[in-house]
Amino acid sequence: MQAPPYGAYPVQFSVDYPDRPLDRLTSAFRILVAIPILILIGAVSGNAWQWSAGNGTTRTIGGAGGLLFFGPLLMLVFRRKYPRWWFDWNLELLRFSNRVWAYLALMDDHYPSADEQQAVHLEIPYPDAQRLNQWLPIFKWLLAIPHVIVLFFLGIGAFVAAVVAWFAILFTGTYPRGLFHFVEGTFRWTNRVIGYALILVTDEYPPFRLNP
């Protein structure tokens with residue numbers, strides 16, 4: 001894996017802009033078309049589904065997996081280590097999740113792959129645990145609260161942008177470039193915060209910006 005450019009934030013994210021007409025039919029029914037891949041991502045993300053049966057009982061199905069947070073936190077604090085396979089799992093799950101979210105946001109009309117990067121690119125260098133602050137992982141979630149507040153409003157804006165883009169794709173077949181880069185920037189910001197506060201791969205505080 002290539003290191004990020006000098007001076008760039010360690011978590012690098014981008015989505016290739018589709019310089020071609022997007023599929024209007026699958027875009028029109030994107031939520032329905034995405035149901036199989038949403039079930040799959042839920043199965044590996046630790047999500048659970050509940051429903052009520054006719055006799056008043058409640059049934060639950062849970063998926064295994066999810067991003068690893070508590071394990072890496074303990075290893076960094078007490079052993080100054082970050083197991084490589086834990087890092088690889090978090091990275092690949094994040095890549096998969098971003099492909100699904102980009103598909104839902106209409107940024108790509110290729111069905112999300114479970115293992116190929118396609119048009120969505122997420123790069124995170126494997127961290128040197130000996131260079132990471134030993135105690136900072138305990139407090140990163142607290143330090144990230146300002147970002148969470150900003151991302152809440154950015155998420156609302158990204159949803160509105162995707163809805164506007166949906167109409168634009170239906171009528172013109174293209175995703176307005178300005179809206180595309182705004183949604184891409186929101187995803188980029190989110191991944192930076194996840195890298196810092198959740199999967200703990202860097203001590204560098206995420207910048208408050210949408211751009212790379």
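## Helix H5 against helix H8

Helix H5, which spans residues 84-104, packs against H8 at an angle of about 155 degrees, and the two axes lie 12 Å apart. Here axes are lines fitted to C-alpha atoms, for helices over the stretch in contact, and angles between N-to-C directions run from 0 to 180 degrees. The angle makes H5 roughly antiparallel to H8, in a scheme where angles under 35 degrees count as roughly parallel, over 145 as roughly antiparallel, 65 to 115 as roughly perpendicular and the rest as oblique. H5 passes H8 in a right-handed crossing; a crossing is right-handed if the near helix is turned clockwise from the far one by less than a right angle, and left-handed if anticlockwise.

In this pairing, Leu 94, Asn 98, Trp 101 and Ala 102 of H5 meet Phe 187, Asn 191 and Ile 194 of H8, where contact means heavy atoms within 4.5 Å. Sorted by class, the contact of H5 with H8 has five nonpolar, two polar and no charged residues. Ala, Val, Leu, Ile, Met, Phe, Trp, Tyr, Cys and Pro count as nonpolar, Asp, Glu, Lys and Arg as charged, and the others, Gly among them, as polar.

## The model and its overall make-up

This is a predicted model, in which local features need pLDDT of at least 70 and side-chain atom pairs count only at pLDDT 80 or more, whereas totals for chains, interfaces and linings use all residues. Residues are numbered from 1 along each chain as its sequence is written, and side-chain values use heavy atoms, with hydrogens and water left out.

The protein has eight helices and four strands, which follow the pattern β-α-α-α-β-β-α-α-β-α-α-α when read along the sequence. Helices (H or I, at least four residues) and strands (E, at least two) are DSSP runs, numbered from the N terminus. Of the 212 residues, 41% count as buried, a term that means under 20% relative accessible area, with exposed over 50% and partly exposed in between (1.4 Å probe, protein chains only). Among contacts between residues at least 6 apart in sequence, 68% join residues at least 24 apart.

## Helix H7 against helix H8

H8 (residues 177-198) also has a partner in H7 (residues 145-172): the axes of these helices come within 9 Å and cross at roughly 150 degrees. That makes H7 roughly antiparallel to H8, and the crossing of H7 and H8 is left-handed. The residues of H7 that meet H8 include Leu 151, Leu 154, Gly 155 and Ala 158, while those on the H8 side include Phe 182, Thr 186 and Trp 189.

Thr 186, which lies in helix H8, is buried, with a relative accessible area of 4%. Leaving aside residues up to four places away in sequence, Thr 186 touches Leu 151, Leu 154, Gly 155, Ala 158 and Leu 210.

In helix H3 (residues 35-44), Ile 37, Ile 41 and Gly 42 are buried. These residues cover an arc of only 140 degrees around the axis, which puts them on the same side of H3; the arc is that of the directions from the helix axis to the C-beta atoms. Just after H3, Gly 46 takes a positive phi of about 75 degrees.

The axes of H3 and H5 come within 11 Å and cross at roughly 155 degrees, which makes H3 roughly antiparallel to H5, and H3 passes H5 in a left-handed crossing. Ile 37, Leu 38, Leu 40, Ile 41 and Val 44 of H3 meet residues of H5 that include Trp 89, Phe 96 and Ser 97.

Ala 129 is found in the loop between strand S4 (120-123) and helix H6 (140-143) and is buried, with a relative accessible area of 8%. Not counting residues up to four places away in sequence, Ala 129 touches Leu 76, Arg 80, Lys 81 and Tyr 82. The C-alpha atoms of Ala 129 and Val 201, which are 72 residues apart along the chain, are separated by 8.4 Å.

Most residues other than glycine have a negative phi. Arg 80, in the loop between helix H4 (70-78) and H5, has a positive phi near 55 degrees and is partly exposed, with a relative accessible area of 23%. Leu 200, in the segment after H8, has a positive phi of about 60 degrees although it is not a glycine, and at 0% relative accessibility Leu 200 counts as buried.
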